[in-house]
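Me: I'm new to this one, and I'd like to get to know it step by step. Could you walk me through it?

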Amino acid sequence: MDEGRPHRPGPAAVPVRECGERLVDLRDVPALLITGRGPVLLRLGVVDRLVTAQTMLPEGLRLLVIGGYGTGAGLRCAGHETGAAADLTLCRADGAELWPGAADPVAVEQRHTLSKALSIAGLSTYAQTWWHWSHGDCSWAYQRSAGHARYGPVER
Ligand SMILES: [Zn+2]
């Protein structure tokens, strides 16, 4: 029973101390693969962590980033206004996309592989969206009990 315990407010109640870090266009980051030709913008600290996460993947696997900052990119999930969240999946070294959304053992293992690397690199996922990962935003701060977020919404 948690009667008497204070109710813990959700991610929206986490304070933001905007650090002012710039957005990086992943088209200028050869280490990370992206889909499409349009810009995929993420905060510098998030890009660094994705590059680190990729080094922890088994040989022959890479990250494939589908969306970042702004609306209309990626999978239309919420939480991209800070530039702190990326929608991503795995791909083979030749760029062939994997989309491990199924319940079969191979997909489950691939999601686990992705999740492990991203978690160790300092990113968090939210709800049931295995492809949506962030670092430094309110959702991340809430899950990591970080006290405050580093990245608020970006005006452009
Ligand atoms: Zn997303």
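Reply: Happy to! A word to start with: donors are N, O and S atoms within 2.8 Å of the metal. Keep in mind that this is a predicted model.

Me: Which residues are the protein donors of the zinc ion?

Reply: The donor atoms lie 2.0 to 2.1 Å from the zinc ion, and the cut-off for a donor is 2.8 Å. In sequence the donor residues follow the spacing C-x2-H-x6-D-x44-H. With their atoms, they are Cys 77 (SG), His 80 (NE2), Asp 87 (OD) and His 132 (ND1).

Me: What arrangement do the four donor atoms make around the zinc ion?

Reply: Four donors count as tetrahedral if all angles lie between 85 and 135 degrees. Around this zinc ion the angles are 103 to 119°, so the arrangement is tetrahedral.

Me: Does His 80 count as buried or exposed?

Reply: Buried means under 20% relative accessible area. His 80 has 3% relative accessibility, so it counts as buried.

Me: In β8, which residue is the bridge partner of Ala 85?

Reply: Three bridges join β5 to β8, and the two strands run antiparallel. The partner of Ala 85 is Ser 134.

Me: Which residue takes a positive phi in the hairpin of β5 and β6?

Reply: Strands β5 and β6 run antiparallel and are joined by two bridges, with Leu 90 opposite Leu 98. Four residues lie between the strands, and the phi near 95° belongs to Gly 95.

Me: Which residues does Thr 113 touch, leaving out those up to four places away in sequence?

Reply: Thr 113 sits in helix α2, residues 105-120. At 15% relative accessibility it counts as buried. Its contacts are Leu 57, Pro 58 and Leu 61.

Me: What is the radius of gyration of the protein?

Reply: The protein has three helices and eight strands, in the order β-β-β-α-β-β-β-α-β-β-α. Its C-alpha atoms fill a box of roughly 55 × 40 × 25 Å along the principal axes. For 156 residues, a compact globule would have a radius near 15 Å, which agrees with the protein's value of 16 Å.

Key
Residues are numbered from 1 along each chain as its sequence is written. This is a predicted model: local features need pLDDT of at least 70, side-chain atom pairs count only at pLDDT 80 or more; totals for chains, interfaces and linings use all residues. Side-chain values use heavy atoms; hydrogens and water are left out. Donors are N, O and S atoms within 2.8 Å of the metal (3.2 Å for Na, K and Ca); water is not among the atoms, so sites may look incomplete. Four donors count as tetrahedral if all angles lie between 85 and 135 degrees; four count as square planar and six as octahedral if opposite donors are over 155 degrees apart and all others between 65 and 115; anything else is irregular. Buried means under 20% relative accessible area, exposed over 50%, partly exposed in between (1.4 Å probe, protein chains only). The radius of gyration is taken over C-alpha atoms; the globule rule is 2.2 Å times the number of residues to the power 0.38. Contact means heavy atoms within 4.5 Å. Two strands pair if DSSP finds at least two bridges between them.
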